[in-house]
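Please look over the sequence and the model shown here before reading on.

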Amino acid sequence: MRSQNRGVYFYSDFLNLYEQTILFDEIKRDVTLYGGFSDAERKIACFGNENEFGYEPNPPITIICIKPLSKKFSDDLTHRDFLGSLIGLGIKRETLGDIIITENVGYVFCLEGISQYILDNLFKVKHTSVSCEICDSIPENALPKPKEEVVIVSSLRLDVGISGIYNISRSKSSALIDGEKVFINGRLITSSSKSIELGDTVSVRGYGRFRYVDILGDTRKGRVRVLCEVY
């Protein structure tokens, strides 16, 4: 309402997948999500649209590169290490987006308003001394590349796909869905019988993500051969 009344964009904090689902269930128009890169999981909501306002949105997302001062004496740093050090500074989780790690360097997507605080106060991750700087983008090889797999499934049902991709039982995949741990294209799905469409990104908490790329045909036993990208 503030966006519409004032004719300017308004932005939320970073939303997790569950919060994004609530957002789309409640608001039907003039909302776009931005995470800093196409496959980001945590995203901010942008309220408003270019057609009405006459200018493009400028999401307040900053990328901070956090790198060890000495590669030789640094710990092997994980996502938990980077996130824990940031939270340890008193930073709220909702001001932080995804954290991408490559070659022991962390790239943190954060709200613009918290970026200078991170630059001024983050000097260690785990036991490793680090330096921080703002960067325009992440390296091309920073994002994990999906692994292509051909999976044979009995149908395109969601529980069947999860079972086939992660080699778990149908009952366990159904339990993940019932436990609100499964999302398709950022939206919470609670129906095991939901079909996975080509191009859908399925996120399973604790397991990862996968995408159906192509249907390769049926087997002699009437099962379906699916080409997938698994992250």
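Arg209 lies in strand E13, which spans residues 208–218; helices (H or I, at least four residues) and strands (E, at least two) are DSSP runs, numbered from the N terminus. This is a predicted model, in which local features need pLDDT of at least 70 and side-chain atom pairs count only at pLDDT 80 or more, whereas totals for chains, interfaces and linings use all residues. Residues are numbered from 1 along each chain as its sequence is written, and side-chain values use heavy atoms, with hydrogens and water left out.

Arg209 is buried and yet has no salt bridge, since the nearest side chain of opposite charge, that of Asp39, is 4.4 Å away. Here buried means under 20% relative accessible area, exposed means over 50%, and partly exposed lies in between (1.4 Å probe, protein chains only). A salt bridge is a side-chain nitrogen of Lys or Arg within 4 Å of a carboxyl oxygen of Asp or Glu, and in assigning charge Lys and Arg count as positive and Asp and Glu as negative, while His and the chain ends are not counted. The side chain of Arg209 does, however, reach the backbone oxygen of Asp39 at 3.2 Å. Leaving aside residues up to four places away in sequence, Arg209 touches Asp39, Tyr166, Thr201, Val202, Ser203, Glu229, Val230 and Tyr231, where contact means heavy atoms within 4.5 Å.

Helix H7, residues 170–178, has Ser173, Ser174, Leu176 and Ile177 buried. These residues cover an arc of only 155° around the axis, which puts them on the same side of H7; the arc is that of the directions from the helix axis to the C-beta atoms. An α-helix has 3.6 residues a turn, so residues three or four places apart point the same way. On the other side of H7, Ser171 and Asp178 are exposed. The buried residues of H7 are covered by elements including helix H6 (158–166), strand E10 (182–184) and strand E12 (201–204). After H7 comes Glu180, whose phi is positive, near 60°.

Another helix, H2 (residues 17–26), holds Gln20, which is buried with a relative accessible area of 3%. Not counting residues up to four places away in sequence, Gln20 touches Leu15, Leu33, Glu41, Arg42, Lys43 and Gly186.

Turning to the strands, an open sheet of five has the order E5-E6-E4-E8-E7, with antiparallel pairing; two strands pair if DSSP finds at least two bridges between them. The edge strands are E5 (96–102) and E7 (124–125), each of which pairs on one side only. E5 is joined by five bridges to the antiparallel strand E6 (residues 105–111), with Leu96 standing opposite Cys110 and Ile101 opposite Gly106. Two residues lie between the strands in the hairpin of E5 and E6, where Glu103 takes a positive phi near 50°. Seven of the seven residues of E6 are buried, so this strand is largely enclosed by the rest of the structure. Strand E4 (residues 61–68) pairs with E6 in the antiparallel sense over six bridges, and the bridge partner of Ile61 in E6 is Leu111.

Strand E8 (residues 128–135) contains Ser131, which counts as partly exposed at 27% relative accessibility. Ser131 touches Cys65, Ile66, Lys67 and Leu69, again without residues up to four places away in sequence. The C-alpha atoms of Ser131 and Pro146, which are 15 residues apart along the chain, are separated by 30 Å.

How values were computed. A polar contact is a pair of N or O atoms within 3.5 Å; within protein, one must be able to donate a hydrogen and the other to accept it, and residues adjacent in sequence count only if both atoms are side-chain atoms.
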